[in-house]
Structure formats: structure tokens, C-alpha cells
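I opened my notebook with a plain plan: pick a few spots, look each one up, and write down what turns up. Come along if you like.

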Amino acid sequence: MSCRWGTELWDQFDNLEKHTHWGIEFVEKYTKFVKERSEIEISYAKQIRNLSKKYQPKKNSREEDEYKYTSCRAFLMTLNELNDYAGQHEVMAEDLTTHIICELTRYIQELKAERKSHFHDGRRAQQHIENSWKQLESSKRRFERDCKEADRAQQYFDKIDADINVTKADVEKARHQAQMKHQVAEDSKNEYLTFLQKFNKEQNAHYHTLIPHIFQKLQEMEEKRIERVGESMKTYAEVDRKVLPIVGKCLDGMTKAAESIEPKMDTKHVVESYKSGFEPPGDVEVEDYSLSMRRTVSESSYLNSQGESKPSRSNSRGKLWPFIKRNKLMSLLASPRQPPPPPPTSPSPAAVHNGPQSPQQPSEPLSHRLNEFMTSKHKMQCLRSLKRGTIVWKLCLFWHCGSGPEDCSHLPPEQRRKKLQAKINDINKEIQKEMDQRDALSKMKDVYVKNPHMGDANSVDPRLEEICQNTDKLQLDARKYEAWLVEVETRLAEKSDKHRPPSGLYNSQTTTTYSMLLVFTVALHVVSPDGSYTEDHSTEHHLKSRSTDFDDDFDYEDPLPTIGTCKSLYPFEGQNEGTISMTEGELLYVIEEDKGDGWTRVRRNEDEEGYVPTSYIKVFFDTNAKGAMTYI
């Protein structure tokens, strides 16, 4: 349907002015709406990115170890997809700003200028027609006034001409005056007719040509404005639809990450992370208290001499404190914790006298703490009431949180193997990084040699030498860790081939690592019957008074059998508890081989035995002898 403002709204100039002004305000309002939407998208994208960054794993933190599990990796993939999802909202905000806000802002300025121009033309035409009307009215009033004056002059002449007393001169004067007024009225009439004709012509042009033309332009301007608003609304929807495929890919990535979770794989990683490699303990035998028990030797006399007053062995296999024999417990408590000293560079006694010493023990040995613990029966009952789950948990806490020697010998076999392999991988990465730097510097040096003006080739040599030294050091460290790793894997292979010990008590051929015994002993001393820590010094005297009753709970066994002999290569001063001194060339009996911590247990005679560094002796194993079964 066709509709023209110029013909239909010829007399609505003011209303059209108000309507077009409202149209511009509407475009401004819509632009403001899109701008606020863009700001919301930017703020939302920023919050999403901050959320994703907040839950990203921190560098050099324990959270990085968690991402070996498929569920944690899936969560990380979800965070990455969420970050991409936030990026699409940023793209949306950018498109809204570029294609709508900026375009509409520029269009509003053009629209205002065009509207102002059209209405300026309309007002000028309106002013012109109003001026023509004023001129017409002025000529009309002047014609009316002249006609009235001409009529009065004619009446005066007629009056004078009829009066016989008036002279002829006066009559002629009145006639002349009347004729002149009639001429003026005639001129005014002609002028009035001229202005009237002019006004009608201008008025016709105003209402049929000028105003319709101006209103038509305003109508076209309004239609373009409405069309532009519609295009902006369409662009608004297209901007949103444009990011939907990528947003869908982000959501598909999150779904794929969730589907990649493998519960069995995660549980397998738990085994790999915490597997110790030790054999589970056997059944605990019945402790028959109905049999008569006789105290044969005190704890102090046992520690000083094992050859006096041999106890009856009828009940020696029926005791377990808590899982191993007492003489083995005390010997393990006395064994050194730290790695043995390296062998001296010279075998002479003079060179060794000031050489490396045996490791220092803490001011209060754990054996002393254990002896105090053993003087109490109610603590022994508390010990027996401990759940094995608590013990295992404390062992795991020690293995994973405690610090140890460089060769990781304080760790269980499986954990030691994994730790060594991880260190080897890290060293190989460092070696590769150094080699890359060396290659880059070599190329730079070649460039300097060919183009001396670019730099001094000799300035690169110090850095190359430093890199070579670092590489050699890292390679030495790698070979050292690889040797330890081969040792661990060899022992694990040998252990897997051996027959598993029979179910039951841990006999004299079963030992534990020092780290496991240490944690267990500390746990026994600090855990009270209700599970809390206690160390009541007020009852210390009373507990010591009952030590004789507690000693009766243990039966003693024969010393460990020898599994070979050894010859000392260097002198060693065993100054700490659990070690034994030896001179160069001395022959000793081996009763327990190196368990991987660098110490070997030897015996000089029936009363003297202890640990010596494995690197200080040469061992000759007896193939017919059955030694103690040891863990790596």
C-alpha cells in the first residue's frame, strides 16, 4: 500500500518533527542495549577465564602429580575447553561492538545531520510563505485604506459642487483632490492584486511542491532508519549464531573428556604410586600364657652377652613382638640409618684416620625410646590393640613424606625404582636442553667466524665450555642413577623368582627395612590406647619397676647363622651404636648381606657383631649356607 507523507501529512510539520526525533532516540536506545550486552559478554568471559585459571594445576606443586589420573586429566581438559568457551564470548562481544555499536553510532550522527537539513529546508519554505502572506495582508489593508480615502474625497467634492456659496476655485480644488485619491486607490488595488496573485502562486508551490518534496525525503529517511534497525537486529542474532558451532565443539570436548575417564586405569595408578614391594605379614601364632614362663636373663645381660644362660627354645617360636624377634628388633634399631661413608682414596690407616666417619646418631637413640617402652605391660597391650591399617598408613606417610639418601634406598623397592626412573628422565631432559643450547651456540659461533663484523667468535667459548661441563656432570649423574636402577630391577627380578615364605610367623630368615621398623617403633611409643599421643613422665618410675615382668614375655633365640666371610679393605671406626670397628685386613663373619642401604652385618665373635660399610669389605659368600632373607 502506497502512502506519501507529502500529500497525506502536508499540514503535520510539527508532528513529523517530533516523530523523527523519537526515531533517532530509539536507535540510540537500541545501541545502548547492544553495548551493555557486549559488556556483559566481556565480563562473563573474564569470569570464566579466571575460573578456569583458578583451578589449573600450579607449577611445582603436588597437584601436578594428581593429573596422572584419568579423572583429573578429564577435569583439566574441561578447564581448557571452558577457556575456549570464554574466548567465544569475547569474539561475540567484539563482533557486537564492530558490526552493530560502531555502525549504529556512526549512522545516528548521519541521521541527525540529514534530519536537520530536511527540517531546515521545511522551516525556510514555511517562513517564505508566511512572509508572502504578510505582504498580501499589508497591500490589502493599504488598498482598503486608499479606497476609503478616495470615497471621502468624492463625497466632499460632491458636497462642495452642490453648494452655491462655494467659489469655483474651491470646487476645482476638491475635484482635483478626489481624482488624486481615486488614483491612489487604483494603484493600491493593482498592487494588492499583484501580491495576491504572487501569494497564490507561492502557496500552491509550497503545499504541492516544496513541502511534499521535503516530507518525502523525511519519509525515506525514516524508512531507512527502520530498515537499519532491522538489519542490526538480524546481525545481533547472526553474531550469536556464528559462535554456536565452536561452542558446540567446546561442549563436545567436555563430553569427550568425561568419556575418557577410566576407573580401572586410575585404580591401577594408585597401585603404581603406593606399591611397596614388600610381602604381606603371615598369620600371628597363638601366645599360650598357660605355659609356665621363667625369666632367664635380663635385657641388659642379653645385650652384653648372648652366650650366658641360653634360654629355653621350647617357646621361642611362639613369640612375636610385634612382628619380629626381639634380638632382631634391637639389632635393626642399632643399624645405621645414614648411607655408609665412601671408601678412602688410600688404603693406609693414616689416610683413613681423618677420613669419613660413621654416621652420627641422634642425641636420644630410638633403641632407648624402645627400651623405655618395653618396660611397660599396659603399653604392650596398647601395642597389640593397634590396627594394622594404622601401621600401614604411618609407613606410607614415612615413605612418601620423609627425606632420604640420594639413591632412595630408604624407599620400598617399587617406589625406589619409580623414583630413580623419574630422576633419570629429569636428567635426560636437562641433558637434551644443554645439548640444544650447545648446538645453538655452535651455529652462532660459525656465523661469527664467517661474519666477524656481527660479533666475536671467542666470546662464545666460555659458555660452550660451561655447557660441556654441565653436560658431563649430568651424564655422570645419569649413569649413577642408572646403575642404582639396574641394581633395584635385578633384585626385584631375583625376588620374584624366589619362593614366597610360608604363612605364619616371621622366622629368623625374615627381616624388614630400617625405615619400616623405625616408623613402627615410633608409632608404638606415641600412640596411647585411645589412639592419642601420650608421654606421661609421672609414671616413668612405676613403669620401669615393672620391667622384669615385661622381660618374661620374650624368649630368646640362637644368633643368626653365618652366610659367608669378609675381609676388610680399609680400617673403620664404628663409633655409633649398631656399628663395629675393624682394622685393615681383618677377617669377619657375614651374618646378613647388604639390603641396599650400603651396610653389611658382620660378627667378630660370639659377643661382638654390628654393621660395617659394604664398600670397606670384600665378601665371600658360602653357597651352602642359608642367610637371612632381606628386602631391597
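This is a predicted model: local features need pLDDT of at least 70, side-chain atom pairs count only at pLDDT 80 or more; totals for chains, interfaces and linings use all residues.

**Entry: a strand residue**

I started with Thr565, which sits in strand E1, residues 564–568. For the record, helices (H or I, at least four residues) and strands (E, at least two) are DSSP runs numbered from the N terminus. Residues are numbered from 1 along each chain as its sequence is written, and side-chain values use heavy atoms, with hydrogens and water left out.

My cut-offs here are under 20% relative accessible area for buried, over 50% for exposed, and partly exposed in between (1.4 Å probe, protein chains only).

Next I looked up what Thr565 touches, taking contact as heavy atoms within 4.5 Å. Leaving aside neighbours within four places in sequence, I found Leu588, Tyr589, Val590, Lys618, Val619 and Phe620 in contact with Thr565. I also noted Val602, 37 residues from Thr565 in sequence, with 8.4 Å between the two C-alpha atoms.

**Entry: the cores**

Then I turned to the nonpolar cores, each a set of buried Ala, Val, Leu, Ile, Met, Phe, Trp, Tyr and Cys residues joined through side-chain atoms within 4.5 Å. As background, nonpolar side chains tend to be buried together in soluble globular proteins.

Which members of the largest nonpolar core touch the most other members? Of its 33 residues, I wrote down Tyr30, Val34, Leu96, Ile100, Phe215, Leu218 and Tyr236. Helix H2 (13–54), H4, helix H5 (168–242) and helix H6 (244–259) are the elements that give two or more residues to this core. H4 gives the most, with 12 residues.

I zoomed in on Tyr236: leaving aside neighbours within four places in sequence, Tyr236 is in contact with Tyr30, Phe33, Val34, Arg37, Leu96 and Ile100. There is also a second, separate core of 14 residues, and Ile580, Trp599, Tyr611 and Ile617 are among them.

**Entry: salt bridges**

My rule for a salt bridge was a side-chain nitrogen of Lys or Arg within 4 Å of a carboxyl oxygen of Asp or Glu. How many salt bridges does this rule give? The count comes to 24.

I picked out Glu103 and Arg228, whose side chains meet in a salt bridge at 3.6 Å, N to O. Glu103 lies in helix H4 and Arg228 in helix H5, so this pair ties together parts that are 125 residues apart in sequence. Glu103 is partly exposed at 28% relative accessible area, and Arg228 is partly exposed at 24%.

Lys433 and Glu430 make another salt bridge, at 4.0 Å, N to O. Both lie in helix H14 (residues 413–450), 3 residues apart, about one turn of the helix. I logged Lys433 as partly exposed at 44% and Glu430 as partly exposed at 35%.

Glu466 pairs with Arg463, their closest N and O atoms being 3.3 Å apart. These two both lie in helix H15, again 3 residues apart, about one turn of the helix. Glu466 counts as partly exposed at 39% and Arg463 as partly exposed at 32%.

**Entry: a threonine in H15**

I stayed with helix H15 (residues 461–497), where Thr471 lies. Thr471 is buried, with a relative accessible area of 7%. A polar atom of the Thr471 side chain lies 2.8 Å from the backbone oxygen of Ile467. Leaving aside neighbours within four places in sequence, Thr471 is in contact with Ile431 and Glu434.

**Entry: around Leu51**

My last stop was Leu51, in helix H2. Leu51 counts as partly exposed, at 39% relative accessibility. The C-alpha atoms of Leu51 and Leu79 are separated by 8.5 Å, with the two residues 28 apart along the chain. I also placed Phe75, which is in helix H4 (residues 70–162) and is partly exposed at 37% relative accessibility.

Notes:
A polar contact is a pair of N or O atoms within 3.5 Å; within protein, one must be able to donate a hydrogen and the other to accept it, and residues adjacent in sequence count only if both atoms are side-chain atoms.
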